[in-house]
Amino acid sequence: MELSCWVIVGAMVTICQAQSGILYPRDSETRQVKSLDGIWRFRSSNDSAQGFKETWFAERLSKSGPTIPMPVPSSYNDITEEKALREHVGVVWYDRTFFVPQSWKDEHLRVWIRFGSVHYLAHVWINGKPVVYHEIGHLPFQQDITEVLNYGTENRITVAVDNTLTATTVPQGSLDDIQTINGAKTVQRYTFDFFNYAGIHRSVHLFTTPDLYIEDVTVYTDIIGSKGIVYFNVSYSGTKDRSSVNCWVDLVDADGASIASTSKDGIEPSGFIGKIEIPNAKLWWPYMMNPQPGYLYTLQIRISTSTQWSYNVEDIYRQPIGIRTIHWTNSSLLINNKPVYLRGFGRHEDSDIRGKGLDLPLVAKDYNLLKWIGANAYRTSHYPYAEEIMDFADEQGIMIIDECPSVDTDKFSSVLLKKHKDSLTELIQRDKNRPSVIMWSVANEPRTQYPASSDYFRSIVNHVKTLDTKRPVTAALNKWYSVDQAGQFMDIIGFNRYNAWYTEPGKTEVIQLNIESEAEQWHKKHNKPVIIMEYGADTMPGLHLMPEYIWSEEYQIELLSEHFKAFDILRNKSFFIGEMIWNFADFKTDQSTTRVGGNKKGIFTRNRQPKSAARHVRKRYMQLAQELDSFDIPEDIDKYTASVVSPQSNRIDL
């Protein structure tokens, strides 16, 4: 993917954007969006090559053999009662029909197909014609399909989805053949600790643009005193026979009022680079750091031209933005020049039945729980989350450590390096304008004890820096600081550690000493801010044991509490900037004798009910918000137990 870069000299920042944008499909006066979500036809095969050999894409999928209804978006694994489908390795097939109006052709509109995510690899045909191929799940892709559509009548879309992971996919995996009573069976092996759900995971849209259209928007914001500054780069594509392209950019506040604007006549093909200044700007603040967190403006962009046939072509796109700055030192992370202390979770896109499929009621519930418990941040472990999930973060003021899909990175190779870079390019291209995204995470638990990891991660971090210089780069490291080869390249050191769980299980008395010592050693070695990305304990809801014993709800509280003591000592040493529990909620994993129905480290169950630790964590997070940001603690943080007698007056306060 080619990049164009522009330099803002006064702000001392370089911002790069890909030549091909991936803007979220939004309705406007000039654009229409049509959802293809719903029930598709579906079938699998034990032979991944069968559908290609027999050209299942050439006709309705039902002509190839029996199909079943399959909801989109969703993972296909848990929709049926078939173990074979849940454990399927290889290609599955989807199709459905849809209509497009004749007016789209008559009005000279371009028509695009856009997938929010297909895991892991997708081939797409429209009316039997190949239109797009995409590798790397969890990220969107799109294609202009104007020329292959049947207007005013029926069309058919066919998708082949391959979930196979290898040494050169992101994430990695391997295939193995085992012998069964029914003969050899291919199984997928992977080291990461979450289930390899597959399918069309996020929404599928048709959307239209005019022949001349806004292709991409890149935004960077700054603050000088009470003035907010919005730097922007608008690029366009389309009509070749245009005379002159004009561009108007308006900044609209949360009430819909236009507060500033700028324009340019005869913009070059590279686009319109400019800025807007806002006196007394309302800043984007994280949750609990300001009475009005997550304040968003809208950048309203309009371009137009006249063609040789003398009809006007116009396009309008609206991009939500937040005005805020990010800075970091060797000991601090600052939002709007104020130090922040992150408290939150690692999470997963995971729930009953739909697996990793987008579920908007669940998304809303999760954010309500995050706010209830007092979290101000989370990490998109271990892959990019749906754009709709990220929208909530922008609007609610939840800070995001945005992670690419590289998990347990090993067997370093040039092929893997290219795909890893591609995943970061696509991630940054998608999320570059989001105020909630405060860091890029380039990997989770990579095998950084190997010498080859040094050049590999030097190249990875340098690649990120060519795309965005205004956010720090981090990774969730788990190899010991004395052997790790990647931390030297990060802006912020993140580490995962499971004291009193995977090491010395049950011995909570080792936690404080070990956590304090390791965090200090990471900082001493690299002179950079340090955050713990993961810590926790598996907990079976309803299991109560006293004295505290592993897997019990009491043990989870005890383990968390010992970590809290260490964190408070580290906070007073200035370089420690955050704590993230693993995990927000229980989630499904591959079958293992160490997993009882999945990973149970959540402080909420998989169906989002609290374990005993949830109220314990809520009290800490709210107390931290009060201490650090003068946030008013909710009245229900403590339940009534007894009246309190003041020793000075013997007065009873009820």
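**Checking a predicted model against its definitions**

User: What makes α6 mostly covered?

Analyst: Buried means under 20% relative accessible area, exposed means over 50%, and partly exposed lies in between (1.4 Å probe, protein chains only); by that cut-off, 13 of the 18 residues of α6 are buried. Across the protein, buried residues make up 60% of the 654 residues.

User: Why is strand β34 called largely enclosed?

Analyst: Six of the six residues of β34 are buried, so the strand is largely enclosed by the rest of the structure.

User: How do you know that β34 pairs with β27 and with β33?

Analyst: Two strands pair if DSSP finds at least two bridges between them. β27 and β34 have four bridges, in the parallel sense, and there the bridge partner of Gly 344 is Met 580 in β34. β33 (residues 530–534) and β34 (residues 576–581) have three bridges, also in the parallel sense, and Ile 532 stands opposite Glu 579 in β34. Both pairs therefore meet the requirement of at least two bridges.

User: Which strands form the closed barrel, and what packs on this sheet?

Analyst: The barrel has eight strands with parallel pairing, running β27-β28-β29-β30-β31-β32-β33-β34, and neighbouring strands are turned by 25 degrees against each other on average, direction ignored. Helix α10 (residues 612–629) packs on the sheet and touches β27 (342–346) and β34, where contact means heavy atoms within 4.5 Å. The direction of α10 makes about 150 degrees with that of β27; axes are lines fitted to C-alpha atoms, for helices over the stretch in contact, and angles run from 0 to 180 degrees between N-to-C directions.

User: What makes the backbone at Glu 445 and at Asn 583 worth a remark?

Analyst: Most residues other than glycine have a negative phi, and most peptide bonds are trans. Phi of Glu 445 is near 50 degrees, a positive value, and this residue is found in the loop between β30 (437–444) and α7 (452–467). Glu 445 has 16% relative accessibility, so it counts as buried. A cis peptide bond joins Trp 582 and Asn 583, with omega about 20 degrees, and Asn 583 lies in the loop between β34 and α10.

User: Why is the protein called as compact as a globular protein of its length?

Analyst: The secondary structure comes to 10 helices and 36 strands. The radius of gyration, which is taken over C-alpha atoms, is set against the globule rule, 2.2 Å times the number of residues to the power 0.38. The protein has 26 Å, close to the 26 Å that the rule gives for 654 residues, so it is as compact as a globular protein of that length.

Technical notes: Residues numbered from 1 in each chain as written. Predicted model: local features only at pLDDT ≥ 70, side-chain atom pairs only at ≥ 80, totals over all residues. Heavy atoms only, no water. Helix = DSSP H or I, 4+ residues; strand = E, 2+ residues; numbered from the N terminus.
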